[in-house]
Amino acid sequence: MKFVSIIIGSKSDYEIANECSKILSNFDVPFELIISSAHRSPERTQEYVKDASERGAQIFICMAGMAAHLAGAVAAMTTKPVIGVPMPGSAIDGIDALYSTVQMPGGIPVATVAIGKAGAKNAAYLALQILALCNDSIASKLADDRAKQSEALIEDSKKIEVLIKEKA
Ligand code: RP5
């Protein structure tokens, strides 16, 4: 069975990671989420990536903070697309994780998204966009989602315009 694999470096990453998994669930895309660390459990990470690839993982989404090597380490083990989400929460609030995740050497890419919650959401959307290249149903749902985002923005604008008029 084809699925998206989400790997988080620690249970402290779970709340933000849930922003990603909620979107995949909403699109009815199967995923699995495990905790495994490039530093604290390197062998588990290696075994998992091999096993998940053999079972049908299409894309790996890796979320880690601090000196975040998880996405890079996973990218070294697979030719499947790897999306990296730098996690906030360190003394320098994710800048460390951003640089650690994005600065991959040529030939071993990690598609790095924004730090934290926005990045977790965009990791899901980017994974969906990759899957949509070969899946018309996901492509159609993505188009609907974009339209809904635009409609919601216009509704928000109307509400604020009313509030401003009321205060004038
Ligand atoms: C990273 O270090 C994890 O991904 C997490 O973001 C950060 C802190 O981990 P904990 O000390 O909270 O387990 O490996």
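A salt bridge is a side-chain nitrogen of Lys or Arg within 4 Å of a carboxyl oxygen of Asp or Glu. With that in hand, let us explore this model. It is a predicted model, where local features need pLDDT of at least 70, side-chain atom pairs count only at pLDDT 80 or more, and totals for chains, interfaces and linings use all residues. Residues are numbered from 1 along each chain as its sequence is written, and side-chain values use heavy atoms, with hydrogens and water left out.

## Salt bridges

The structure holds six salt bridges.

| Pair | N to O distance |
|---|---|
| Lysine 22 and glutamate 19 | 3.5 Å |
| Aspartate 28 and lysine 141 | 3.5 Å |
| Lysine 158 and glutamate 155 | 3.5 Å |

Where do aspartate 28 and lysine 141 lie? Aspartate 28 sits in the loop between H1 and strand E2 (31-35), while lysine 141 belongs to helix H6 (residues 136-167), so their bridge ties together parts that are 113 residues apart in sequence. Helices (H or I, at least four residues) and strands (E, at least two) are DSSP runs, numbered from the N terminus. Aspartate 28 is exposed, at 61% relative accessible area, and lysine 141 is partly exposed, at 29%. Here buried means under 20% relative accessible area, exposed over 50%, and partly exposed in between (1.4 Å probe, protein chains only).

Lysine 22 and glutamate 19 are three residues apart in helix H1 (residues 14-26), which means about one helical turn separates them. Lysine 22 is partly exposed at 42% relative accessibility, whereas glutamate 19 is buried at 16%.

In helix H6, lysine 158 and glutamate 155 are also three residues apart, about one turn of the helix. Elsewhere, salt bridges that share partners join Glu32, Asp51 and Arg55 into one network.

## Pockets

On a 1 Å grid over the protein atoms alone, a pocket is an open set of points where a 1.4 Å probe fits, with protein on both sides within 12 Å along at least five of seven lines; lining residues have an atom within 4 Å of a point. A volume is the space filled by probe spheres set on the points, which are joined across faces, edges and corners.

The largest pocket holds about 390 Å³ of space. It is lined by 20 residues, and the closest to its centre are Ser10, Asp13, Ala64, Gly65 and Met66.

The second largest pocket has a volume of about 220 Å³. Its lining includes Lys2, Phe3 and Ile138, and strand E1 (3-8) and helix H5 (117-132) each supply at least two lining residues.
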